[in-house]
Amino acid sequence: MIETATATAKEKADVKVKIQKFGSYLSGMVMPNIGAFIAWGLITALFIETGWAPNKDLATLVSPMITFLLPLLIGFTGGRMVYDIRGGVVGATATMGVIVGTDIPMFLGAMIMGPVGGLLIKYFDKLIEGKVKSGFEMLVNNFSAGILGGGLTLAAYKGVGPVVEALSNTLASGVQFIVNHNMLPFANVLIEPAKVLFLNNAINHGILSPLGIEQATKAGKSILFLLETNPGPGLGILLAFWLFGKGSAKMTAPGAVVIHFLGGIHEIYFPYILMKPMLIFAAMAGGISGVFTFNLFNAGLVAAPSPGSIFALLAMTPKGNYVGVVAGVLVATAVSFAVASLILKTSKATDEDLSTAAAKMEAMKGKKSSVSSVLTNSQDAIIPENVNKIVFACDAGMGSSAMGASILRNKVKKAGLDVTVINTAINNLPNDADVVVTHKDLTDRAKAKLPNVKHISVENFLNSPRYDELINDLQK
């Protein structure tokens with residue numbers, strides 16, 4: 001019975017890791033190019049006919065950027081993720097076929113053709129490895145990429161483009177049906193739990209953004225950009241912890257509020273929900289009420305705000321939509337705060353996690369405990385002289401990992417240690433990493449990527465006892 005339960009739990013964990021990896025791959029094609037999306041959004045908000053500074057001449061930039069620039073960047077990034085620059089070039093070339101072969105912004109097509117192009121050129125290079133005569137390497141490399149890229153472009157133009165366009169139109173029609181029947185708010189019943197499982201970037205950049213951009217090109221804005229990025233639900237939960245929480249959760253909540261609401265790093269509030277899973281209902285209630293309010297005011301954004309900071313939301317808000325956007329954020333915050341406060345005040349105090357308990361035990365003991373590694377689920381002991389690079393990794397490599405790396409970097413500097421601390425996406429973990437630090441829900445993916453290094457799991461990005469444990473181990 002126990003073995004069956006263990007096997008079931010392992011299968012569920014494997015499924016979650018696979019979903020996270022797929023979602024991370026989708027968002028990984030978009031996240032590096034967010035700057036270009038924001039540039040397009042700002043130009044759109046400023047210069048279109050209904051913008052802040054209408055300019056018919058400058059507005060001609062809007063269509064080419066969304067039709068060609070953004071899909072090509074996604075296609076190049078997708079190919080590069082598979083096979084570096086060579087894969088990126090073939091991926092971008094193949095993406096041109098779906099762009100020209102359709103009449104809509106081809107983001108979904110770029111997410112298909114980019115990786116396909118990178119994968120095929122990678123397999124071709126492996127096939128001919130060691131078989132090219134000396135002196136013909138450049139000729140074979142250039143012409144193989146050109147012929148393969150050209151062939152994929154033609155195939156995409158005639159076959160893939162129309163299929164993806166039909167799929168996009170079907171999805172867009174489904175979304176429009178949901179909007180017309182006032183069912184869109186209930187999408188947050190799925191979005192909020194998925195965010196806490198670190199699928200937020202995949203949902204936003206892999207699903208909502210492509211559909212939202214298509215809507216924005218026709219209507220000048222889209223409410224889909226507000227579904228996942230609304231900081232209100234998370235803000236309400238953090239404010240509830242600030243007022244009614246206990247222990248380290250209460251102490252770290254004010255800092256988390258600033259990082260979440262102003263900095264736009266939503267991952268900061270996920271551990272608070274994981275500590276008390278009932279709070280997911282507060283996030284759902286906040287998300288539903290926020291989207292209902294956006295709908296009521298017919299609010300939308302011109303492009304995806306990234307990160308999900310209130311500043312980014314306001315920067316992407318078109319003329320005449322500020323009241324609706326701000327109202328949606330405030331309503332979501334108020335509802336989430338009310339539900340979270342009720343849950344915190346009526347439930348039992350949250351138990352300490354084992355890492356915190358182990359840290360307190362060592363503090364009372366006055367030295368490192370020989371059994372703490374069992375309580376904190378540590379792997380083999382760290383050998384200080386073998387640690388030169390510590391990598392803090394998260395799903396996208398920009399939010400929580402940057403924050404964690406900054407905290408860890410300061411601790412390393414104060415300790416006088418000659419150790420490099422960087423942050424990156426899990427998919428891009430470098431082979432020369434000696435220690436990898438991740439949130440506990442992402443550790444399995446990090447271990448799959450680099451199984452032979454020391455992995456450290458944390459639950460709270462701001463105040464994890466594992467940071468000090470790591471510094472103590474390195475000082476020995």
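Where is Ser309 found? Ser309 sits in the loop between α10 and α11. The legends below start with the whole chain and then move to close-up views.

This is a predicted model, in which local features need pLDDT of at least 70, side-chain atom pairs count only at pLDDT 80 or more, and totals for chains, interfaces and linings use all residues. Residues are numbered from 1 along each chain as its sequence is written, and side-chain values use heavy atoms, with hydrogens and water left out.

**Figure 1. The whole chain, with its helices and strands.**
The chain holds 17 helices and 4 strands. Helices (H or I, at least four residues) and strands (E, at least two) are DSSP runs, numbered from the N terminus. Of the 476 residues in the chain, 50% are buried. Buried means under 20% relative accessible area, exposed means over 50%, and partly exposed lies in between (1.4 Å probe, protein chains only). The accessible surface of the chain is about 22200 Å². Carbon and sulfur atoms own 65% of that surface. Accessible areas come from the Shrake-Rupley method with a 1.4 Å probe; for residues, only the protein chains shown count as cover. Among contacts in the chain with a separation of 6 or more, 71% join residues 24 or more positions apart. Contact means heavy atoms within 4.5 Å.

**Figure 2. Helix α2 against helix α3.**
Helix α2 covers residues 34–47 and helix α3 covers residues 62–100. Their axes come within 10 Å and cross at roughly 175°. That makes α2 roughly antiparallel to α3. Axes are lines fitted to C-alpha atoms, for helices over the stretch in contact, and angles run from 0 to 180 degrees between N-to-C directions. Angles under 35 degrees count as roughly parallel, over 145 as roughly antiparallel, 65 to 115 as roughly perpendicular, and the rest as oblique. On the α2 side, the contact involves Ala36, Phe37, Ala39, Trp40, Ile43 and Thr44. On the α3 side, it involves Val62, Met65, Ile66, Leu70, Leu73 and Ile74. The residues of this contact divide into 11 nonpolar, 1 polar and no charged. Here Ala, Val, Leu, Ile, Met, Phe, Trp, Tyr, Cys and Pro count as nonpolar, Asp, Glu, Lys and Arg as charged, and the others, Gly among them, as polar.

Most residues other than glycine have a negative phi. Asp84 is not a glycine, yet its phi is positive, at about 55°. Asp84 lies in helix α3. With 49% relative accessibility, Asp84 counts as partly exposed. Asn298 also has a positive phi, near 55°. Asn298 belongs to the loop between α10 (280–296) and α11 (310–315). Its relative accessible area is 52%, so Asn298 is exposed.

Ser309 counts as buried because its relative accessibility is 4%. A polar atom of the Ser309 side chain lies 3.0 Å from the backbone nitrogen of Phe311. A polar contact is a pair of N or O atoms within 3.5 Å; within protein, one must be able to donate a hydrogen and the other to accept it, and residues adjacent in sequence count only if both atoms are side-chain atoms. Not counting residues up to four places away in sequence, Ser309 touches Phe261, Leu262, Gly263 and Gly264.

**Figure 3. Phe297 in the loop between α10 and α11.**
Phe297 is placed in the loop between α10 and α11. At 42% relative accessibility, it counts as partly exposed. Leaving aside neighbours within four places in sequence, Phe297 is in contact with Val323, Gly324 and Ala327. Its C-alpha atom is 8.2 Å from that of Val325, which is 28 residues away along the chain.

**Figure 4. Asn230 in the loop between α6 and α7.**
Asn230 is in the loop between α6 (188–219) and α7 (232–244). Its relative accessibility is 4%, so Asn230 counts as buried. The side chain of Asn230 reaches the backbone nitrogen of Gly232 at 2.9 Å. Residues up to four places away in sequence aside, Asn230 touches Lys195, His266, Gly290, Phe294, Gly328, Val329 and Ala332.

Glu267 is in the loop between α8 (247–262) and α9 (270–275). Glu267 counts as buried, at 7% relative accessibility. The C-alpha atoms of Glu267 and His439 are separated by 9.9 Å, and the two are 172 residues apart along the chain. Leu474 is found in helix α17 (residues 465–475). Leu474 counts as buried, at 7% relative accessibility. Between the C-alpha atoms of Leu474 and Asp418 there are 10.0 Å, with 56 residues separating the pair along the chain.
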